[in-house]
Amino acid sequence: MYRIAYNESMTFLTKKGKQLQVNDTELQAHLVDQLEADVYFTGDEIQLALQKALAQLPKRQSEIFKMRYYDEVKFKDIADLLELSEGAVKSSYHIAAKKIEQFIKQD
């Protein structure tokens, strides 16, 4: 079920990027800009900084971080879902976490 949801969301983002004629990085920046302009966004500064930091990450690191941090998916399940080794997933997650930490400290 999670695999289906993941594939559908990735398809949606790909289509959205093609509609806007932008690459993944530009699409992420566009979505963060929309979040900042959204009057209904009730997040505090740290949540906004986290979203900006996630937009700066490579696509794979961002995906892995979101699955682990927000959805609390086990490393083994993420590895199965993305067809990677568990060690690669753990490594990507920890690298992403360090990059986010550095970004938030700079911001």
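1. Contact here means heavy atoms within 4.5 Å. Please keep in mind that this is a predicted model, where local features need pLDDT of at least 70 and side-chain atom pairs count only at pLDDT 80 or more, while totals for chains, interfaces and linings use all residues. Residues are numbered from 1 along each chain as its sequence is written, and side-chain values use heavy atoms, with hydrogens and water left out.

2. The secondary structure is quick to learn, with six helices and zero strands. Along the sequence this reads α-α-α-α-α-α. Helices (H or I, at least four residues) and strands (E, at least two) are DSSP runs, numbered from the N terminus.

3. Of the 107 residues in the protein, 28% are buried. Buried means under 20% relative accessible area, exposed over 50%, and partly exposed in between, using a 1.4 Å probe and protein chains only.

4. The largest nonpolar core has 19 residues, and F65, M67, I78 and I100 touch the most other members. Such a core is a set of buried Ala, Val, Leu, Ile, Met, Phe, Trp, Tyr and Cys residues joined through side-chain atoms within 4.5 Å. At least two of its residues come from each of α1 (2–20), α3 (45–56), α4, α5 (75–82) and α6. Helix α5 gives the largest share, five residues. Leaving aside neighbours within four places in sequence, M67 is in contact with Y2, Y6, E72, V73, I78, L81 and L82.

5. Next, look at α4 (residues 59–69) and α6 (residues 86–106), which pack at an angle of about 90 degrees with their axes 9 Å apart. Axes are lines fitted to C-alpha atoms, for helices over the stretch in contact, and angles run from 0 to 180 degrees between N-to-C directions. The two helices are therefore roughly perpendicular, a label for angles of 65 to 115 degrees. Helix α4 brings Q61, I64, F65, R68 and Y69 to this contact, and α6 residues in it include V89, S92, Y93 and K99.

6. Finally, Q61 of helix α4 deserves a visit. Is Q61 buried or exposed? Its relative accessibility is 12%, so Q61 counts as buried. The side chains of Q61 and K99 are joined by a polar contact of 3.2 Å. That term covers a pair of N or O atoms within 3.5 Å; within protein, one must be able to donate a hydrogen and the other to accept it, and residues adjacent in sequence count only if both atoms are side-chain atoms.

Note on methods. Angles under 35 degrees count as roughly parallel, over 145 as roughly antiparallel, 65 to 115 as roughly perpendicular and the rest as oblique.
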